[in-house]
Amino acid sequence: TTYLPSQTTAGYTETREVTHNDDGTVRELIIHVKWEDGTLQGFLEIAGVPYAGGGVAASAIGMDKALMKALFREAGIPVARYSVIRSWEYTLAQNDSMALIDQAIGFPCFVKPANGGSSVGVSRARSREDLPDAFQAAFAYDDKAVVEQAVIGREVECSVLGNEHPEASIVGEVVPDRDFY
């Protein structure tokens, strides 16, 4: 087992761990938050090192919430109402950004860094007054924010393993003890 050094970035700790089997031919990537964007996979592919898990494109698309939502919509998969706002747009036209959210998204809504995992930099805005702090939190991690309609409902998750013959795991329900996790 090889451990790469931990890094502290903008208030959160990131640990990357790379493990390999006895003959050293396959790497299993155990990464969280940063480097989930395909960067590490791309490095391994360039180096010719086999690894398990999502590839470069799947990881990059999965980490960019704006790109992922656009591709889902293009494929006919329903997504919550959302808008993408860049930091320079917000800085130059804060009132226009807020008016767009009022009209197109509504409240409550979530403001998220477009690129990032978990709930790092994510805020729930219950009203227009919550938006400045929410954008400040999101823009601390990315210059592109996704503002998304809050959807009230049950949240379930399911992993799928395999390429030619994919198999789905059992479905788990997320039951948070706070507004969001």
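**Entry 1: helix α3**

I looked up what covers the buried residues of helix α3, and the cover includes α2 (56-63), β7, β8 and β10. I take cover here from contacts, meaning heavy atoms within 4.5 Å. Helices (H or I, at least four residues) and strands (E, at least two) are DSSP runs, numbered from the N terminus. The model is predicted: local features need pLDDT of at least 70, side-chain atom pairs count only at pLDDT 80 or more, and totals for chains, interfaces and linings use all residues. Residues are numbered from 1 along each chain as its sequence is written, and side-chain values use heavy atoms, with hydrogens and water left out.

Which residues of α3 (residues 65-74) are buried? I noted K65, A66 and K69. They cover an arc of only 100 degrees around the axis, which puts them on the same side of α3. The arc is that of the directions from the helix axis to the C-beta atoms. Buried means under 20% relative accessible area, exposed over 50%, and partly exposed in between (1.4 Å probe, protein chains only).

I then checked both ends of the helix. At the start of α3, a side-chain oxygen of D64 comes to within 3.1 Å of the backbone nitrogen of A66. After α3 comes G76, with a positive phi near 85 degrees.

**Entry 2: strand β10**

Why is strand β10 (residues 144-149) largely enclosed by the rest of the structure? Five of its six residues are buried, so the strand is largely enclosed.

I next recorded its partners; two strands pair if DSSP finds at least two bridges between them. Strand β7 (residues 82-86) runs antiparallel to β10 and is joined to it by five bridges. R86 has K144 as its bridge partner in β10. Strand β8 (residues 109-113) also pairs with β10 in the antiparallel sense, over five bridges. There, V111 stands opposite V147 of β10.

**Entry 3: the chain and its confidence**

I read six helices and 14 strands in the chain. Of its 181 residues, 30% count as buried.

I also consulted pLDDT, the predictor's confidence in each residue, from 0 to 100. The chain averages 83, and 82% of the residues score at least 70. Where is confidence in the chain lowest, and where highest? Strand β3 (residues 12-14) is lowest at a mean of 37, and helix α6 (residues 131-139) is highest at 97. Over residues 1-18 pLDDT stays under 50, although the model has 40 contacts beyond four places in sequence for them. Where pLDDT is low, the predicted coordinates should not be read in detail.

Methods: A polar contact is a pair of N or O atoms within 3.5 Å; within protein, one must be able to donate a hydrogen and the other to accept it, and residues adjacent in sequence count only if both atoms are side-chain atoms.
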